[in-house]
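This report describes the fold, the packing and the open space of one protein model.

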Amino acid sequence: MWNLLTAGSDFVSESLLKFVESTGVVGFFAQMGWGSLAMIGVAFFLMYLAIRHKFEPLLLFTIAFGMLLTNLPGANLYHTELFAGGHVHWDGFVASAGLLDYLYLGVKLGIYPCLIFVGVGAMTDFGPLIANPKSFLLGAAAQVGIFLTFLGAYALGFTPAQAGSIGIIGGADGPTAIYLTSMLSPELLGPIAVAAYSYMALVPVIQPPIMRLLTSEKERKIKMRTLRPVSKLERILFPLVIAVIISLLLPSAAPLIGCLMLGNLMKECGVVDRLSKTVQNELMNIVVIFLGLTVGATATAEAFLNFKTLGILVLGVVAFCMGTAGGLLLAKLMNLFCKEGNKINPLIGSAGVSAVPMAARVSQTEGQKADPSNYLLMHAMGPNVAGVVGSAVAAGILLSFLG
């Protein structure tokens, strides 16, 4: 009997010891380095920005929570070694993969960004762009920040693939930045995603000083003619024509452009309203949750806390500023060839970055500061939605050269 009690006592002691050793509390003191603590602090800070200041809350909130989960000791939700070298190591996947490892496959395989583009297309009105095709040029000019920053990042010592991933931040398009980075430089996914969405949220802060610096008060007061009505046939043909032309010229951009135009055609054709509403709401919401959590999970201390991350943040804001300036300057150049009464208000050029519709609203706000009777919103939406197409095309170009 005594031996039985002793054996039982030993078993209970060993079990309790194993339980205590397996808790996150022990792991917190035994394994947690200053880097993980710092990343948890960053996660809380991003959640504060999302909740208190509403900075891109739909994605910044989930990214921050994914960042928190991946840096908690012993959680085993995400394993960087399964994706080392930019490849999925399937041989050890089933044995050791956690929940976020499985969900991350949607990012790694380029699924989530494309699904988001279906929803974006269904929520996008290309009418202002169709009514004023010159907006395409302004949307294209705003992508200059992507390529100039690519050259700058490469000159500073980043690899061509990393430089391309950093440059795409200038497009102010989070899903496109995630898509390209997951293909070219997955080790930089965390900092690039945080930078892309942070700068998208800061559009009303970053753009106005550049807009006022590069335009005169007279230019900001320019009133533009009312846009012509766009027929339903034009709205239906537009996504079909764009999808075919871009896919033939640049096949690497076909996944993003094809999904964008699919969503838009669902909206404009008028016969699949249930599908259109689904991709705008339920599908988008589900994918945003998965995308945010898994992108945040890549923001480990090793990947985030280094000089590269600081360089990415600086180069990202430079790319965004140059993109804004590119659209403004092209609008000013186009005015040299426009007749009086047909001038373009340069402020709409800054909306060429694809932060829809925030950049267009900033153009409207700055225009009304100069002249309260000036309404630029619909005019600015043309370059704004052109920027969505332009950033996807830029990503396709970079992927075809560097992928």
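## Aromatic pairs

Rings of Phe, Tyr and Trp (its six-membered ring) are taken to pair if their centres lie within 6.5 Å; planes under 30 degrees apart count as stacked, over 60 as edge-to-face and the rest as tilted. By this criterion the whole structure, which is a predicted model, contains 9 aromatic pairs. In one of them, the ring centres of F83 and F93 are 6.0 Å apart and the planes stand at 85°, so the pair is edge-to-face. F83 lies in the loop between α4 (57–71) and α5 (93–96), whereas F93 belongs to helix α5, 10 residues apart. Both F83 and F93 are buried, a term that means under 20% relative accessible area, with exposed meaning over 50% and partly exposed in between (1.4 Å probe, protein chains only).

F93 also pairs with W90: the centres are 5.3 Å apart and the planes at 45°, so this pair is tilted. The relative accessible area is 52% for W90, which is therefore exposed, and 2% for F93, which is therefore buried. Ring pairs join Y78, F83, W90, F93, Y102 and Y104 into a cluster.

## Basis of the model

This is a predicted model, in which local features need pLDDT of at least 70 and side-chain atom pairs count only at pLDDT 80 or more, while totals for chains, interfaces and linings use all residues. Residues are numbered from 1 along each chain as its sequence is written, and side-chain values use heavy atoms, with hydrogens and water left out.

## Overall architecture

The protein has 22 helices and 0 strands; helices (H or I, at least four residues) and strands (E, at least two) are DSSP runs, numbered from the N terminus. Its C-alpha trace spans about 105 × 45 × 40 Å along the principal axes. Of the 403 residues in the protein, 53% are buried. Contact means heavy atoms within 4.5 Å; among contacts between residues at least 6 apart in sequence, 75% join residues at least 24 apart.

The expected span of a helix is 1.5 Å times one less than its number of residues. Helix α22 is mostly covered, with 19 of its 26 residues buried.

Helix α21 has 13 residues and reaches 19 Å from its first C-alpha to its last, close to the expected 18 Å. The buried residues in α21 are A359, A360, V362, S363, Q364, E366, G367 and A370. They pack against α14 (203–214), α15 (217–220) and α22.

## Two loop residues

F126 lies in the loop between α7 (111–123) and α8 (127–131), and its relative accessibility of 2% means that F126 counts as buried. Leaving aside neighbours within four places in sequence, F126 is in contact with F238, L260, M261, N264, V385 and V389. The C-alpha atoms of F126 and R235 are separated by 7.3 Å, although these residues are 109 residues apart along the chain.

N306 is in the loop between α19 (301–304) and α20 (307–335). At 32% relative accessibility, N306 counts as partly exposed. N306 and A331 are 25 residues apart in sequence, and their C-alpha atoms are 39 Å apart in space.

## Cysteines

A disulfide is a pair of cysteine sulfur atoms within 2.5 Å, and a search of the whole structure finds 0 disulfides. For C269, the nearest cysteine sulfur is that of C259, 16 Å away. C269 is buried, with a relative accessible area of 19%, whereas C321, at 26%, counts as partly exposed.

## The largest pocket

On a 1 Å grid over the protein atoms alone, a pocket is an open set of points where a 1.4 Å probe fits, with protein on both sides within 12 Å along at least five of seven lines; lining residues have an atom within 4 Å of a point. Grid points are joined across faces, edges and corners, and a volume is the space filled by probe spheres set on the points. The largest pocket has a volume of about 910 Å³. It is lined by 34 residues, of which E56, V120, M123, M284 and V356 are the closest to its centre.

The elements that give two or more residues to this lining are α4, α7, α12 (174–184), α13 (189–201), α18 (273–297), α21 (358–370) and α22. Helix α18 provides the largest share, 6 residues.
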